[in-house]
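Hi everyone, thanks for making time. Let me put the chain up on the screen, and then we can walk through it together.

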Amino acid sequence: MIPEPLGRAEKPRLTRIDDTCGYRVFRAVNAVVLLVVAAVTLYPFVNIVAQSFSDEQAIRTGRVNLLPQGFNVKTYEIIASDPAFWNSYLNTVVYTATATAISLVLTTTYAYVLSKHHLKGRGLLVGVAVFTMFFNGGLIPNYVLISELGMKNTLWAVVLPNAISVFNLLVMKAFFEGLPKELEEAATVDGLGAYGVLLRIVLPLSKAVIATMVLFYAVANWNSWFSAFLYFDRADLFPVTVYLRNMVAGATTATSMGSADADVGQVNSNIKSVTMVLTVLPVLAIYPFVQRYFVSGVMLGAVKQ
């Protein structure tokens with residue numbers, strides 16, 4: 001007599017992690033915390049925007065919160081008619097575009113070289129880059145060096161000293177190391193040299209991380225002011241951030257901008273907030289177009305395969 005087969009044991013029911021009570025609580029708490037952080041982060045900027053459109057009395061009495069009080073655009077009109085502001089704005093655009101292009105070329109080529117483990121002297125090149133993260137010559141030696149090189153009051157004084165960010169360099173290096181080596185080997189067999197492989201194979205596959213580096217460098221250069229403040233003696237070379245710094249420090253006043261006596265109080269009350277809004281607008285306009293590359297670019301370069 002053939003024995004009946006034993007009954008199969010029932011498979012245990014697997015519970016999805018998003019069905020658990022703990023995970024739902026985590027999501028709720030996470031959402032609340034992120035909303036609070038977003039509100040705390042956005043409040044100062046919204047308040048600055050509200051002040052820039054408010055009248056003098058409302059600002060001086062502290063009645064401006066999230067909405068403008070006594071809508072007024074007089075300061076915007078006076079700032080827009082100030083040639084020094086637009087000259088500083090143009091300087092900032094030139095400095096940012098030049099510095100970002102130089103930084104991107106140097107960072108990309110340096111990172112690509114460091115990603116080749118067979119390269120002789122690679123350890124030394126990595127060590128030199130990492131060393132600069134912890135040590136530098138200091139303010140006075142840097143100033144003396146820039147002066148001796150004849151770069152004071154020139155474009156190069158603000159675009160060359162900080163051309164490579166070591167953090168960005170290491171992110172791009174990790175990204176290049178994760179690319180399939182078979183693609184480069186196949187391109188080499190087809191007759192491409194090192195530059196051809198980089199330009200025609202590697203860079204087209206690196207759009208996400210390149211867009212992320214462009215964002216990092218552009219924002220850093222746009223917001224930079226200390227180098228220009230240190231190395232420029234001529235006001236016509238100042239970027240808009242130094243213009244803003246002079247506003248905050250009181251070096252530039254409504255009177256010096258040629259505003260009428262009746263408008264001096266209004267301009268002095270919200271000139272700083274108006275200048276801040278005008279300074280940050282280009283970054284806010286550009287960021288949405290590169291934001292989709294931001295997370296993917298950083299994660300692709302930060303995860304070791």
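Leaving aside its neighbours within four places in sequence, which residues is Val202 in contact with? Hold that thought while I say what we are looking at. This is a predicted model, where local features need pLDDT of at least 70, side-chain atom pairs count only at pLDDT 80 or more, and totals for chains, interfaces and linings use all residues. Residues are numbered from 1 along each chain as its sequence is written, and side-chain values use heavy atoms, with hydrogens and water left out.

Back to Val202: its partners are Tyr112, Phe176, Leu179, Glu184 and Val197, with contact meaning heavy atoms within 4.5 Å. Val202 also belongs to the largest nonpolar core, which has 21 residues. Such a core is a set of buried Ala, Val, Leu, Ile, Met, Phe, Trp, Tyr and Cys residues joined through side-chain atoms within 4.5 Å; buried is under 20% relative accessible area, exposed over 50%, partly exposed in between, with a 1.4 Å probe and protein chains only. Among those with the most contacts inside this core are Tyr112, Phe176 and Val202. Helix 4, helix 8 (166-177), helix 10 (194-202) and helix 11 (207-223) each give it two or more residues, and helix 8 has the largest share, six residues. A second, separate core of 15 residues includes Ile102, Ala157, Ala228 and Val242.

Zooming out, the chain has 14 helices and zero strands; these are DSSP runs numbered from the N terminus, H or I of at least four residues for helices and E of at least two for strands. Buried residues make up 33% of the 305 residues.

Now for a helix pair. The axes of helix 4 (residues 83-114) and helix 13 (residues 240-249) come within 7 Å and cross at roughly 135°. The axes are lines fitted to C-alpha atoms over the stretch in contact, with angles from 0 to 180 degrees between N-to-C directions. Helix 4 brings Ala84, Phe85, Ser88, Tyr89 and Thr92, and helix 13 brings Val240, Thr241 and Tyr243.

One last stop: Asn153, in the loop between helix 6 (139-148) and helix 7 (156-159). Its phi is near 60°, a positive value in a residue other than glycine. Asn153 counts as partly exposed because its relative accessibility is 24%.
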